[in-house]
Every structure is written in structure tokens, then in C-alpha cells.
Amino acid sequence: MTTNVNNNTALDGMYWDNKDKTPDKNNGALTQSDFFALLTQQLAFQDPTKPVENDQMIAQMTNFTMADGIGSLNESFKGFAESMSSNQALQASSLVGRSVLTQSDEIVFTGETLARGNIELDKPATRMKISIENEKGELIQSFSVDNPKVGKNEFIWDGTHTGSGASSGGSSAEGDEIPADGDDEEVIDRVKAGVYKIKVDVSYSDGTNASLPVNVYTPVGSVSMNGTGGGIMLNLIGLGAVKLGDVLEVSYG
């Protein structure tokens, strides 16, 4: 009995190992070098009796140049965008410690300064009522404005609760702060510092009623960048993060 054994060592190692394949760093995209290599091959193998026309050659070279230019332009815009984000973050950092006006159904009472905000009316109204509630939905304070003006109506709240006096609507003067109880002629009870619900109900002159959105001033605690291209975020004390683009106004404090 004869056994055939293949001892041909010439086949040793003639196997393609996928693990040793060099990774494609450009994900299969053609580079400028690839374009010029193709052009060189085209010139080398063209028919001598029918050479490439000059206008065709110029058109191909123009296309190669445009492709390279677009790639460089994309890199430039990427760097420009990163630079702009850094500059915005630096500028936004100056808002820390100041108050910004944003739309919210909550208002922050710091216990040290007046809580402020405004309501925009787009048509005449006979009455506007502002209600402030705690997290349980219990009424803390309410005050009304008769015949509010069309446009911006500002209001303030000094932290007093129902039964201890009400704060009338109006604009607060710069530097307004809540005086200590010892400076008052009578003791006034105030709520604890915190976040409270706020809502506005309005009765229009045409007999209709509606609930309106409220704009409130809130102190900025810090500034953060929400990843590449995510924009600048302002972290408001008590209300969380809002986009810099959602800020309607910046106040003194």
C-alpha cells in the first residue's frame, strides 16, 4: 500500500492573513496623490494616435484642484467653528453671577433679592392675575393688575406669602434688595429660598380669557459647553441648564 505525502514546501506561507492587513486610514477616500496617480496612468496608456485633448486635460486638473481645495476649506471651517465656540464660552463666562431673562413656568426666590419677571400682552386686557404656588400646588401669593398695558408688564415678588402682604406689579429699581425684618416697621413673614411655580391668567377686553407664558430673571451659576457643535449652556440656579440662544435679556444681577 502506497501513501502519497505532499512535501512541497514551496506552498508554505502562501496564505493571506487578514489580521495583518494594514487599516485604511482614509476610509477609502481618494486623496490628491491618488488623483495625480490616475492622471499619470492615463497619460502613460493613452493612444498615441488619439491623445487627450488639451481642454479635457485642463478640466481634469481643475477637478483635482477643486477637490483638494474643498477638503482644505472643510478643515479651515472646522478650526473656525472650534475657535468660535471657545470665544463664546469665554464671553458667556462673564454672565456668571448675573441674572438672565428666560421663559419659564418657575421662578426662583433667593431669599436675598427680589424675584422679578415680565409678561407680554399682545392685545388690550381688563385684568391680569399672577399666582405663585409651592411644589405641592398650594397658593403662596397672588396679585392682580387692572387694565394692564399692551406690551411688557413687569412684576416683582419679595417672598411674602398670602396673609402677610402682597407685592404690587411694577418694575424694580436697580439694586433693590429685600430689607431685613429688623428694618421693617412690622414683621413680615417670607417663604424660604427656593423654586416656586408661577402662572398668569388674563382677561382680555374682548371677553376671552387665556393663560400666558412668563419671563423670569434667574441668576447664572455656571457656564458649560455641550460638546462639539452643541452650543453654550447657561446653568441657572434652581432652573437648570438653558441654551445661550434662549436668553432674552441680561440683567445687572
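## Polar contacts of Thr160

The side chains of Thr160 and Asp158 are joined by a polar contact of 2.9 Å; a polar contact is a pair of N or O atoms within 3.5 Å, where within protein one must be able to donate a hydrogen and the other to accept it, and residues adjacent in sequence count only if both atoms are side-chain atoms. The side chain of Thr160 makes a further polar contact, at 3.3 Å, with the side chain of Gln141. Thr160 is found in the loop between β6 and β7; helices (H or I, at least four residues) and strands (E, at least two) are DSSP runs numbered from the N terminus. Thr160 counts as buried, at 2% relative accessibility, where buried means under 20% relative accessible area, exposed over 50% and partly exposed in between (1.4 Å probe, protein chains only).

This is a predicted model, in which local features need pLDDT of at least 70 and side-chain atom pairs count only at pLDDT 80 or more, while totals for chains, interfaces and linings use all residues. Residues are numbered from 1 along each chain as its sequence is written, and side-chain values use heavy atoms, with hydrogens and water left out.

## Overall architecture

The protein has 2 helices and 12 strands, arranged along the sequence as α-α-β-β-β-β-β-β-β-β-β-β-β-β. Of its 253 residues, 27% count as buried. The protein exposes about 17000 Å², of which carbon and sulfur atoms supply 51%; accessible areas come from the Shrake-Rupley method with a 1.4 Å probe, and for residues only the protein chains shown count as cover.

Among contacts with a separation of 6 or more, 65% are between residues 24 or more positions apart, contact meaning heavy atoms within 4.5 Å. Gln91, in helix α2 (residues 54-92), is exposed at 59% relative accessibility.

## Aromatic cluster

The count of aromatic pairs comes to 3; rings of Phe, Tyr and Trp (its six-membered ring) pair if their centres lie within 6.5 Å, and planes under 30 degrees apart count as stacked, over 60 as edge-to-face and the rest as tilted. In one of them, Phe109 and Trp157 have ring centres 5.5 Å apart and planes at 45 degrees, so the pair is tilted. Phe109 lies in strand β2 (residues 106-109) and Trp157 in strand β6 (residues 151-157), so this pair ties together parts that are 48 residues apart in sequence. Phe109 is buried at 2% relative accessibility, and Trp157 is buried with a relative accessible area of 0%.

The rings of Trp157 and Tyr196 also have centres 5.5 Å apart, but their planes stand at 85 degrees, so the pair is edge-to-face. With Trp157 in strand β6 and Tyr196 in strand β7 (residues 194-204), the pair ties together parts that are 39 residues apart in sequence. Tyr196 counts as buried at 10% relative accessibility. Phe109, Trp157 and Tyr196 form one aromatic cluster.

## Asn134 and its loop

Asn134 is placed in the loop between β4 (125-133) and β5 (139-146) and is buried, with a relative accessible area of 15%. Leaving aside residues up to four places away in sequence, Asn134 touches Ile140, Tyr196 and Lys197.

## Salt bridges and charges over rings

The whole structure contains 4 salt bridges, each a side-chain nitrogen of Lys or Arg within 4 Å of a carboxyl oxygen of Asp or Glu. One of them joins Glu106 and Lys197, with the closest N and O atoms 3.6 Å apart. Glu106 lies in strand β2 and Lys197 in strand β7, so the pair ties together parts that are 91 residues apart in sequence. Glu106 is partly exposed at 24% relative accessibility, as is Lys197 with a relative accessible area of 36%. Another salt bridge links the side chains of Glu249 and Lys152 (3.7 Å, N to O).

Asp206 and Lys123 meet through their side chains in a salt bridge (3.2 Å, N to O). The charged end of Lys123 also sits over the ring of Tyr204, 4.4 Å from its centre; the criterion is NZ of Lys or CZ of Arg within 6 Å of the ring centre and within 35 degrees of the ring normal. Arg116 lies over the face of Tyr217, at 4.2 Å from the ring centre.
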